[in-house]
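Please keep the structure open while reading.

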Amino acid sequence: MKNPMPAKSFSLMCRPPPGQTLQRYFARPALALVACATAGCSPVNLGFLAPGGVIAAAQRELFLWVVGLALVVVLPVIVLTPWLLWRYRYGQQHAPYRPRWDFSLPLEILTWGVPVAVVAVLAVLTWQRSQQLDPYRPLPGPAATLEIQVIALDWNWLFIYPQQGVASLNELVIAQGTPVHLSLTSATVMQALLIPRLAGQIYAMAGMRTQQYLQADAAGHFSGRNTQFNGNGFQTQVFTALAMTPQGFDDWLNEVRRSPKRLDCRPLSQGGVQPNVQHYGWVERGLFEQVMQSFSQPGHRGCHAFSQERAHE
Amino acid sequence: MSSAAMADRETQTRLFGFWIFLMSDALIFALLFAIYATMLHATDGGPAGKDLFDIKSTLLQTAVLLLSSFTFAMVSLNLEYRPQRLRYLVAWLAASLALGLAFIALELNDFHTLMAQGATAQRSGFLSAFYALVSTHGLHVAAGCAWLVLLLIQVKVFGLGPVVKRRLQCLALFWHFLDVIWVAIYAVVYLQGLSG
Amino acid sequence: MNDSATVWLSWLGRLDYTALPLYSGVAAAAAALVLLVALSVVVLISVKGWWGYLWREWLTSLDHKRIGIMYVVLALIMLMRGVIEAVMMRAQQAVAINSPGYLPPEHFSQMFSTHGTIMIFFMAMPFLTGLINFVVPLQIGARDVRFPLLNAITLWLTVAGAMLVMASLMLGRFSTGGWSGYPPFTEVDYQPGVGPDYWIWALTLSSIASTLTGLNFAVTIYKDRCPGMILMRMPLFSWTALCTSILMIFAMPPLTVATLLLALDRYLDFHFFTAGHGGNVMNFVNLFWLFGHPEVYILILPAFGVFSEVFATFSGKRLYGYKSLVWASVAITGLSFTVWLHHFFTMGQSAGVNAAFGIATMLIGIPTGVKIYDWMLTLYRGRVRFSVPMLYAAMFLMLFVIGGLTGITLSAPPVDYQVHNTVYLVAHFHNMLIPGTLFGLLAGYTYWFPKAFGFRLNERWGRFAALCFGVGFLLAFMPLYVLGVSGMARRTQAIVNPEFAPLLWVAGAGAALLSLGLTCLYAQLYVSIRQRRRTAVPLGDPWDGRTLEWSTPAPPPPYNFAVLPPIHDRDPCTWLKEHQRISPTDFAAIQLPNNSAMPIILGAAAFVCAFGLVWHIGWAAAGGMLAAWVAVIARSFVRDTHHVISAEALRQAHARHLQQAQQTVAVSRDQEHSPLNHGLAQVQP
């Protein structure tokens, strides 16, 4: 059985020599914690509650609205229950005891009516926002949409820029303020692309094309990952999304174009995990469609190489 | 409560329970129909329904199965009104068995023809769905036939007591249920496939 | 064919020494431990000579009370493995922060798969089935369930499924596709080994058993209620049992179809869900969640039923809003079939479809909210006693609604796009399952234990366990909500973001506390058995119960009721106590089913068949299947299936019971936990 060995700065698969076990298990995380505490990092800054784009910002707003509305029904329960338990506890003499009381019409109207009202408001909100935040819905705005095709691999993310004819592995670079249109497919099993600070996730499935529009408001870097379990390398299938200024984006494109690597219908490598970022200066036309067709077309014309990437268990 | 009344109540409740079982079975078939419907065009470039289905054979299978429902209805009538004339009951049961087995033989022959043409379940999603749906029904009919043989033996060994009678009534429900499912298969799979 | 005929025809199929769990020290140790414990139990029983007793009184019994207890025993055993796996996964995530941790990925991924599979199919389902089995016939005035033989069959099929999952610990590996087993990851191309096959056949056994269980309970409740027990006088626990049964009948078939179609793909090269050749993974997802969503209502409705009983009994009050509670349960049951798509909002459906299912999901929040408030109104103007079941119920009220809130957030598709498949989702469903399902089942266990065994459980250990579970749950899962909105995915064997560390350590501490709670639960049982003479409640009503089951002695006689009592009210036992029940004189002979070895033989045959299918051992698969059907057919030729309890025997048993009652002092609720409580309650004026 192949054991994927990432070449990232930390080695996830090596078993440390006995003397270093303590250090590896406790010292590193402890150091990280200290660094974290002094630097003031909170995990919440990594997700959509600290949005970096319009979609994530809208999702955050909806989340807060839904929480607020649901609290109308939930908060009284949490507040009143301890009070009820205390006031009507066995042995106390002050509060009335009505063992046969089991119905009150006003209370019935309240207990049914309030949740119905809350859900009615939520329903309208949900309907509207679901339409607005449909991942397949193009983003409004004057800037031209950047088309990117995403192929989910085991255990990497391949980003093809069909208009520019280049591709990048495990690095998604976009220009700030520019709407981006992702088309996704998988060369292997079902996966899901999530860049929480920019937008929600969408599944990538073999033989099918799903879509996600997103946009970064300002320059920055955002972590992205696969969230649909797909095997032994799943936890390492992370990447960085970089939003650059338009100039910075052009510079990056030029740098990628200069890369000697060519991307066509051949396997990316022997092993499963490609932790490094790779740039491809030339991409075969229609590669994305070919990968899809290798599953969806009869006779299996198309590009199969990527689906052979998988290290069998 | 008298023992006759208790036996009757027991029978009614058992039939009620068997209806509920049939409803869950119907759900399984409904899901197989739904899967089939979504995979109607998943032929992977291979043969579709209209390339494969034989109207004559399937019409014959339908006739055989419908006839077997008639013979089983005769079984039920004899059971209810002439339980003392065991010979007629056994004869109608045997006729139903023969027709059920004939249905299975015709279906297996059909499958053999299809597979000889290369239309195996392994060929495409559409064919997988087709074989799964039709074979599930066929396996149910086979189980019904085996159950029929068992009950013929029990009629011989135990006579027509309340327990055996109850079992025959359940089998009758099962038999007619499978007939209804077949009519749906004939319409949805074969007629639709051949016309599409 | 993925395996040649020669493999199937060989003696061991694809089983060989590489099946031993030597790929991981942890796995090897766990397998050895399980084997050791199993052998010790067998040796203990043999040395003590208990096999005869066990066979006669338990393993071949068709008595719903015995079967119910055996279901709960299975659940409590599998709970141990489920909790241990949970603690191990929490520990791994707490230490594997930019470090490998101690569980390699191929083991971690099996663990989250077995954890979910065991907890749902072999812990929660057997537990609730056991409680319903024991209690419902007593509550509705029936002598047994309608189909006792079928009842035993479903028990042993479930045991067979559980044993299959235990076998995967010792031979081969389990699936790594999670409890939901999505293809194409679980297809032969990606997992050619035995893992997904173990998963498929364990679930098939469990789903068939549950379908038949639902059928049994539904017919019992529809047809076998005693005279006067109209549906609108049935206790809420029986109502929720009815709703659960309907869900079982209609929700398990989609799972059976999904797993069998996946089996066809894996064994016979069909193309239902393969990537290519016309396969469509979305069909599996739809089928699975058509089952999966009603399944979670199967898990929660019995707990709701338990809480209805507990709130009323331990407030000394009638249950508030009976009609609303009934209609809310029915509404939940119906609506639960309309929301399954919310489990895969992110699969690319149109906004309208997603929104429709999201709104349908929110609708279920309405009857659930009504129930919560009705329970609070039961506390209102009551006299609340903080016995262990009420502790669980109180914690449930406050903690479950948090899960309800996060459930509403998840039902808004744009929010779900962010937190689906993150630990926020994990926190949400554990928030429903632990304060909801687990607390309900443990409350029911504590509440009805005295009825089943004739003595109460130790109160102090019970309170401590409950506290550990409550605080442990908060520590283990509240951090996961925060981590989920921070983008931490579920099922990750290692963590790359050190910012996640502090919260993961809190969660680890919570897991440790939960396992402490479980240990206390077992300790409680041990201590209670040792103290059983002090806490004996033979008269059968330790809690001043309101529903019919409390009017029988503890443990109840095999026939439950010598004479079926008249029902005039929703709380029949309270009515009987207030109206000074008259002793019955019209005893009539009762027919009870004989024991039968067929169910346990069927279960064993099913296990052999499933094991053979997993390892491609032809003779085991065919032989097991054949043996199972031979057992069924052989049994159908048995004529002597019942025995009769004479009227005279009933009269004498009842006279003894009356004599015991006359010699016992009735206690008020002040002495509920004292040794003076022999199960006879003082009637409140």
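**Basis and confidence**

This is a predicted model: local features need pLDDT of at least 70, side-chain atom pairs count only at pLDDT 80 or more, and totals for chains, interfaces and linings use all residues. Residues are numbered from 1 along each chain as its sequence is written, while chains are lettered from A and ligands numbered from 1 in the order in which they are written.

pLDDT is the predictor's confidence in each residue, from 0 to 100. Chain A has a mean pLDDT of 85. In chain A, 81% of the residues reach 70 or more. Residues 1-21 of chain A have a pLDDT below 50. Beyond near neighbours in sequence, that stretch has 28 contacts in the model. Two residues are in contact if their C-beta atoms, placed from the backbone, lie within 7 Å. Residues 309-313 of chain A also have a pLDDT below 50, with 22 contacts beyond near neighbours in sequence.

**Domains**

Domain bounds come from an automatic or database domain assignment. For chain A it gives domain 1 (54-132) and domain 2 (146-308). Their C-alpha centres lie 44 Å apart. Four residues of domain 1 of chain A and eight residues of domain 2 of chain A make the contact. On the domain 1 side, three residues are nonpolar, one is polar and none is charged. Here Ala, Val, Leu, Ile, Met, Phe, Trp, Tyr, Cys and Pro count as nonpolar, Asp, Glu, Lys and Arg as charged, and the others, Gly among them, as polar.

**Chain A against chain C**

This contact takes 91 residues from chain A and 88 residues from chain C. The chain A side holds 58 nonpolar, 20 polar and 13 charged residues. Helices (H or I, at least four residues) and strands (E, at least two) are DSSP runs, numbered from the N terminus. Elements giving two or more residues to the chain A side include the helices α1 (18-39), α2 (54-87) and α3 (105-132) of chain A. The strands β6 (191-195), β7 (199-204) and β9 (220-226) of chain A are also among them. α2(A) gives the most, with 15 residues.

Two strands pair if DSSP finds at least two bridges between them. One open sheet of chain A has five strands in the order β4-β10-β9-β6-β7, with mixed pairing. Its edge strands are β4 (171-175) and β7 of chain A, each pairing on one side only. Neighbouring strands are turned by 20° against each other on average, direction ignored.

How is β6(A) placed, covered or open? Five of its five residues are buried. A residue is buried if 20 or more other C-beta atoms lie within 10 Å of its own, exposed if 12 or fewer, and partly exposed in between; C-beta atoms are placed from the backbone. A:Q191, A:L193 and A:I195 lie on one side of β6(A), and A:A192 and A:L194 on the other. In a regular strand the side chains alternate between the two faces of the sheet.

β6(A) and β7(A) form a hairpin with three residues between them. A:L193 stands opposite A:I202 in β7(A), and its bridge partner in β9(A) is A:N226. At the other end of the sheet order, A:A175 has A:M244 in β10(A) as its bridge partner. Helix α4 (residues 246-257) of chain A lies across β4 and β10 of chain A, at about 135° to β4(A). Axes are lines fitted to C-alpha atoms, for helices over the stretch in contact, and angles run from 0 to 180 degrees between N-to-C directions.

| Strand pair | Sense | Bridges |
|---|---|---|
| β6(A) and β7(A) | antiparallel | four bridges |
| β6(A) and β9(A) | antiparallel | two bridges |
| β4(A) and β10(A) | parallel | five bridges |
| β2(A) and β3(A) | antiparallel | four bridges |

**The six-stranded sheet**

Six strands of chain A form an open sheet in the order β8-β5-β1-β2-β3-β12, with mixed pairing. β8 (210-214) and β12 (278-280) of chain A are the edge strands. The twist averages 20° from one strand to the next. A:F159 has A:S168 in β3(A) as its bridge partner.

Helix α5 (residues 287-296) of chain A lies across β1 (146-152), β2 and β5 (180-186) of chain A. α5(A) runs at about 35° to β5(A). Eight of the ten residues of α5(A) are buried, among them A:L287, A:F288, A:V291 and A:F295. The buried residues of α5(A) pack against β1, β2, β5, β11 (262-263) and β13 (282-283) of chain A.
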